Amino acid sequence: MMYSPFLRPAPGVRGVMLTVLLALLPGIATYAWQFGAGILVNLLLASCAAMAAEAAMLRLRGRAAGLALGDLSAVVTAWLVALSLPPLVPWWLTVLAVLIAIVAAKHLYGGLGQNPFNPAMAAYCAMMVAYPALMSQWPAPGQLDFSAQLDLILGGARNIDAISSATALDALRTGLRAPGATVDALRQTPPFGFLGGSGWEWVGAAYLLGGLALLARRVITWHMPLAFLLTLAAVSGTAWLIQPAQFAPPWFHIVSGGALLAAFFIITDPVSGATTPRGKLIFGAGIALVAWLIRSFGAYPEGLAFAVLLLNICVPLIDMKTQPPVFGHRGGESP
Amino acid sequence: MLSALLVMTGIALAIGAALGYAAVRFRVEGDPLVEKIDAILPQTQCGQCGYPGCKPYAQAIAGGEAEINQCPPGGEEGIRKLADLLGREFKPLSEAHGVEKPKAVAVIDEQICIGCTLCIQACPVDAIVGAAKQMHTVVDKLCTGCELCVAPCPVDCISMVTQAETVQTWKWRYPVVPLRVEGKRAA
Amino acid sequence: MSHYLFIVIGAVLVNNVVFVRILGLCPFMGVSKKLETAVGMGLATAFVLTLGAGSSYLIDRYLLQPNDLAYLRTLSFIVVIAAIVQLTELVIQKSSPLLHQVLGIYLPLITTNCAVLGIPLLNVGMGHDLLESLLFGFGSSAGFTLALILFAGLRERLEGADVPGPFKGTAIAMITAAFMSLAFMGFAGLDRFR
Amino acid sequence: MTALRKLFSFNGGIKPEPHKAASTVEPIAVAPLPARLVVPLWQSTGAAALPLVQAGDRVLKGQRIGAADGGLSVAVHAPTSGTVLQIGPQPMAHPSGLLAPAIVLAADGEERWADLEPVNVAGTPPDALRDLLRDAGIVGLGGAVFPSHQKLRPGPHGTRTLIINGAECEPFITCDDMLMRERAAGILRGAALMKHILQAREIVIGIEDNKPEALAAMQAAAGSEAEVVAVPTRYPAGGAKQLIRVLTGIEVPHGRRSTDYGVQCFNVGTAFAVHQALDLGRPLISRVVTIAGNVARPRNYDVLIGTAMREVVALAGPQPDTDRYIMGGPMMGLPMPDFDAPVVKATNAILASSPALFPPAPPEQPCIRCGDCARACPADLQPLELYWFSRARNFGKAQEYHLFDCIECGCCAYVCPAHIPLVDYYRYAKSEVWAHEREKEAADAARQRFEFRNFRQEREESEKAAKLAARNAAAAAAARASADKPLPTGEPADAAPSSTEDKKKALIAAALARAQAQPAAAPPRNTDNLSADTQAEIAAIETRRQQVSPPAGDDAGETSATSAAAPGTADKKALIAAAMARAQAQQAAAPPRNTDKLSPATQAEIAAIEARRQQAASLPPAPPEPPK
C-alpha cells in the first residue's frame, strides 16, 4: 500500500553513481595518456571482480541481486580502488583489494549505506600494510608501452626495477633523510615536475575538473573538498614557511599523491563520511591534517588512506556533536 | 628477605587504613534502581513472573535473583528496555512464564454472574465494580488484562476479550518489506 | 617542553594502548555497547591508571630500589592498583549508582585490565621520572578512553545496521576493531614520537 | 501595493509542479443534495462528539446532532433536514480502513434550516464566543482540523499578529484560492472577528505569489483593515510554522503554542467559517473541496459534510483507470480505503489517482546517507538519522533527534534518490511512541490504584483488629462486671466464669442468641416497591412453602441450619426422615416442567424415561445415602 508523498521523481541511486563514474573519466583518460594503458586493464579487472563479489554476497544473503547490481555502487568502489593502487601491481593484488573492499568493508556491515569505513581506503590500507614492496612500484611518466605493462600485470616475471621509479613523495621522503638535503635541491631531480610529481600533476588537474563537475551536478557538497584542500594548504604552508628546507610547499602537497582524487571522490563518499555541514568541515580538515602528519613524519609516503580511515572512526562522534539546530530551537525571535 | 616482608606488610597496612576510612566515608543507603525498573514494568501485578507483583519482581531484578525476560505483559519491548537500562544482554521471553498476547480486557457475562464478589477481591487494581449479590461489571479502561479474576470466579463468567483497534488507536505498520527472497538461498 | 608533549601524543595516538600495544582488550570489548557506559568506564580507568602509574613510580623509586627488591615490582604494583580500584568503586557507587549497576562486573575488573598493570611496568622499563611516568600514564589512559569512546560510537551506529546473521553482535565488533587498528597503523613510524 | 514588510525565509522546501491551473478556470459550484449522508462523530483532533439524536429522529438543516465531549472536541451538525437512519460504525475517511461511529441521515429534500440566531459579537464576552464556535463545530480547515476555539485563546503576553493562511502550497489543491477570489469579504469579516476574540493588534494575510487573482481580490476587500503579503512560492510555505517564520521571523518550536510567541495562524476557510457561524449563526456543515487529478473537468465544489466521495467525484467525470482516491494533495494526502468514504471537515481536496498520474512506489534502495533529505527538510531535521533509528525501532534515539518536530510534509521522500518512503517510517515511529505513552499512563494509573488498594486493605485489617480488640476488652470488662453481680438480661449467665473455658462458652452462647434473633428481626429484603406480577409470584411461592412444610419445629431449624450446633445424633435421624418425606411430596406436587410444546421425538424420549423410572420404583428402595 503506497502512502504519501505520491510524487517521487528523484533519479535512483544508479543516477548518482553514474554521475560519479562519468566525472572520473577525464582523470582516467589523462592517467592512461601519461602512464600507459595498464590502468585501463586494472579498472576492467577491478570492475568485474567487484560485480562478481557483490552478486555472490547478495545471493548468499538471499537478496534480489538485480536491483543492487544495477546501482553501480560496486563499480564506483572498484574504480576508486584501481585508481589508488599503483597501475603495475599484479592482477591478484587488485582482485584481493576489491574483495576486501566489497566483502569485508561493505557487505559484512549489511551492504550499501551501512559501512562505517570507506571500502576503497580500507582495501588500500590493508594492501599497503600487507605488501609494502609491491605497493611502492609506481611507473615514471611515458616510459612503458602497453604490452610491457600488460605483461607485468598478468605475467610472472617481475623485473620491475628497470621501469619503476619513485614518486615525488617517495623521493622526497628518502631524500630528506640524507643530511643536509633540502627540498629545493631535491625538487630538481627527475621525478619532480613543475609543481608536484611529473605527470601526476596533469592527472591531478583532470581529477579537479571531474570534481568541479560533481559539485556542479550537486552530487557532492562543497564542504568536504574545500575544507580538505584549504587545511592541507594551510598546514603544509605554515610548516613550509617555518622550515622551507624540511617541509614541501603547499602546492606540492595538493597536486601530488592522491590528494586531488581523494578531495573530490574518496572523502566525499556519503556513506562513510560525516553528514552534517559542520561535521563535513571537521571531517575534511581532520583528514588533511592527519594526511600531512603522516606524509611529513610517518613511515608511509602516502598517508591519505590511513587518514580517511581514522576520520571514519570519528564520524559517529562528529555527527553526534555537530547536529544543526532544529527549527524553533535556534533562539531566533522567540520571546 | 626480611626487608621484602616488611615492605609488603607496610604497603598492605597503609592501604587497609585508607580503604577502611573510604568505606565509612562513602556509605550508600537505598537503591534508586528499583524505582527505575518498576517504572518500566507494565504494572499488571499479574504474578506471571513468579513474584507477587511488579515491585517484588523489580526488587528481584535489582538484586540479581530474577532474569529480565520473565514478564509476558511487558513483552519484547519491555525486555529490550530492561536490557538497555541494566546493560545486560537482551534475552527473548522465556516460555516458562507465558507468552506475549495482544492487550485483552476482562468482560463479565452478566447472564451468569451471581454477585459473589470473589473477583472484586482478586482484582489487584480495583477495576471491577459491584457489591455482594449485586451485578458486577469490569471497567475496561481500568483493567490491565492480568487475568487474576478469571480463576476465582465460581461460575466462570469472566472471559478475556482482545481489544480491537479503533480509528484513534490505529498504528501505522512497520514499512520494512522483508527483502529476503524466500527459498532461493545459494546452493 | 616538547619532550613531554611528544610523550603524551605518542601514548595517545602513535602507540595507542589498545590498537598498537594491544592491551586492555576485555573491557574494550565488554563495555563498549553504549556510549554513556563507555565514557563512564573510560574515565574510571583513566583515574585508576594515572594514579596507579604515579604511585607505582613512588613505590619503585623509594621502597623497592633502595632495598634492591626489584623482584617485588609486579606484586606491589598489583596491590596498589587493586586498592585504587576499590576506592574508585566506592566513589562511583556513591556518586552514580546507575553507572555502578551498568558497569557491573567490569568495574572491579579494572584491576585485571592488562593496560593498568602494563603501563607502570613500561614506565619502569623506560626509566621515566615521576613527571614522565605520570604523563605517560595519563596519555595511555587518554588513548584508552579515546579508543573506547570512538568504538562505542561505532557500535551504537551498528546497532541499526542489517548485519548478516552470524556476524551480529561481538563478531562485527571484532571486525570493526580490526579495521580501527589497521587505521592506527598509519601512525607507525612517526619516528619523532618514538 | 503590498506593504514593505520584511520577509524571512526557512531552509529546505521543494518546488514541485503545481498542477493548479486546470481547477481554477470555473467558479465554485454547489454540489447537488445527496440522498444519504454519513456524518462521522470524530471529525477533529481530540475526542469524538457524543450523539444527541437516536435512530428515527427528524432533524433540521444545521441542527446540532453531536455535542462536544470535553475541552478538545467540537460539535457535529446535520448537513440537511431529514431523518436519522442509524448511528453506528461506518467506513471512515481514514487510511486504516477501520469503521468508526457515525450518524447516517436520509435527506428529505426540503433543506429546512433550523432556527439560526446570529451573535451580537460586541456584547458577548470572548469565552462565550469561544463556546459558540465550539458548538458551531468550527475546526481548522487547512487539513489539521484542530478545534479553533482552543486556538483562539490568547497567550500570556497577548497576541500581536493574526496570520490568515492563504498560501496553499500543496500541488493540485485550489480550494483556498477560489474561496479567496469569490468570498474575500466573508474571509476578511471572519478575520476581524477572530482579531476581536484574540485581541490581536494586526492581521496579515499570506498568499503565495503564484495566485495573482486571489492577491488582487483580497487586497481589494482588505483595504486598510489587513495587510496582504505575497509570499515566495515554495512547498511547504503553507505550513503554519513556516508561514509564521516567513511573515514574522518567529520560529515556533514543536510542543509550544504559537500564542506563547504572540502570533496565531488560521486558514482562510476557517476565517470564512467563523464569519458564517457568528454573523449568520450557520454551523460548519459544508466546505469547498477541490476535485482534481485523473478527472475530465477538475473543479471546486461547495460540498455538504457527509456526502460520499464517489458522488462528488462523479460530478467531475473521473477517467476509467482511476484506481483510488486521495484525500488532500499528493504530498500529504491520505489514500482512501474505498470510494464511499464520506467527505469530512478535513477534506480540502479529493484526487482521483491512477497508475499514470501517480506511478506506484519505485523499489526502496538502501540509504546512502547523501544528505539530500537533510537539505530539503523545512524543519531543519536530519531525516537520515531519524530513518536509521526508526528502522532499527530505537524510538528513544529517534526522539533525541526531534522525531516529533517532523511535520510529515514529504519533502525528504520527494528528493530521496534511494526512493525510501521516509515519511512512512516517521509515522510508524510516532504512532509507536504514542502507543507506548498511552500504555505508560495506564500502567502508572494501575500502580497508583494497586498501591491504594494495598493501603486500603491494611487500613481495613487494622480497623478490624482494633474493633476486635475493643470488643474483647468490652467482653472482658463485661465478664469482670458479671463476676461482681449477676446480669439481669436474658444472657444465660453460668456460675462465676472465672476460667477462660467458661468465658468462651459465654461468648458462644451470646453468638447463638444473636443468630437466632437475626432471621426474626431481618425484614424481608426489597420486597416493597415491586410490580404486581412479582407480588403474585411471591404469594404463590409462599403458599407452596406453607403447603409443603412439615411440623413448624424443623422449619425454623432448617432455614437457619447454617449456624445451629448439632443437637445430637437422635435429632439427625428425624431431620433426614423429614427431608426425605418433603422431597417425595415436592416431586409429586411439582408440575411437569415445560413438556408442552416439544417435538414428537422428545415426547417419545420422555415417555421412555418415565417408563424406566416406574420400573426402577418397583425395585426394593436403595439404602439412603448418608447426608454429605
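Figure 1. Ala578(D) is partly exposed because 18 other C-beta atoms sit within 10 Å of its own; the scheme calls a residue buried at 20 or more other C-beta atoms within 10 Å, exposed at 12 or fewer, and partly exposed in between, with C-beta atoms placed from the backbone. This is a predicted model, where local features need pLDDT of at least 70, side-chain atom pairs count only at pLDDT 80 or more, and totals for chains, interfaces and linings use all residues. Residues are numbered from 1 along each chain as its sequence is written, while chains are lettered from A and ligands numbered from 1 in the order in which they are written. Ala578(D) belongs to helix α17 (residues 569-589) of chain D; helices (H or I, at least four residues) and strands (E, at least two) are DSSP runs, numbered from the N terminus. Met180(D) is 398 residues away from Ala578(D) in sequence, and 95 Å away in space, C-alpha to C-alpha.

**Figure 2. The largest nonpolar core and another core apart from it.** A nonpolar core here is a set of buried Ala, Val, Leu, Ile, Met, Phe, Trp, Tyr and Cys residues joined through C-beta atoms within 7 Å. The largest one has 337 residues, and those with the most contacts inside it include Val81(A), Val98(A), Tyr124(A) and Leu309(A). Helix α7 (residues 130-158) of chain C gives the most to this core, with 14 residues. Apart from it there's another core, of 15 residues, with Cys123(B), Val125(B), Cys149(B) and Ala446(D) among them.

**Figure 3. Leu309(A) and what it touches.** Leaving out residues up to four places away in sequence, Leu309(A) touches Phe117(A), Asn118(A), Met121(A), Ala122(A) and Cys125(A) in chain A, plus Phe179(C), Leu182(C) and Ala183(C) in chain C. Contact means that two C-beta atoms, placed from the backbone, lie within 7 Å.

**Figure 4. Thr167(A), a position with a UniProt note.** An unreviewed UniProt entry lists Thr167(A) under "modified residue: FMN phosphoryl threonine"; annotations like this may be inferred rather than shown by experiment, and positions are in the numbering used here, with feature names shortened. Look for Thr167(A) in the loop between β2 (164-165) and α9 (168-177) of chain A. Thr167(A) counts as buried because 26 other C-beta atoms lie within 10 Å.

Figure 5. Domain 1 of chain A puts 29 residues into the contact, and domain 2 of chain A puts in 28. On the domain 1 side, α1 (13-35), α4 (73-84) and α6 (119-130) of chain A each supply at least two residues, with α1(A) giving the most, 12 residues. By class, that side has 20 nonpolar, 9 polar and no charged residues; Ala, Val, Leu, Ile, Met, Phe, Trp, Tyr, Cys and Pro count as nonpolar, Asp, Glu, Lys and Arg as charged, and the others, Gly among them, as polar.

**Figure 6. Where the two domains of chain B meet.** Chain B is assigned domain 1 (33-97) and domain 2 (101-165), with C-alpha centres 25 Å apart. The contact joins 5 residues of domain 1 of chain B to 7 residues of domain 2 of chain B. The domain 1 side has 2 nonpolar, 3 polar and no charged residues.

**Figure 7. The contact between chains D and A.** Chain D brings 50 residues to this contact and chain A brings 33. On the chain D side, β16 (334-335), α12 (411-415) and α13 (422-484) give two or more residues, and α12(D) gives the most, with 3 residues. That side of chain D has 33 nonpolar, 11 polar and 6 charged residues.

Figure 8. Ser4(A) and Pro5(A) are joined by a cis peptide bond, omega about -5°, and Pro5(A) is in the segment before α1 of chain A. The Tyr235(D) to Pro236(D) bond is cis too, with omega near -5°; Pro236(D) is in the loop between β11 (227-231) and α6 (240-248) of chain D. Asp156(B), a residue other than glycine, has a positive phi near 50°, and counts as exposed because it has 10 C-beta neighbours inside 10 Å. Ile22(C) also has a positive phi, near 50°, and lies in the loop between α1 (2-14) and α2 (25-30) of chain C.

Key: Domains from an automatic or database assignment.
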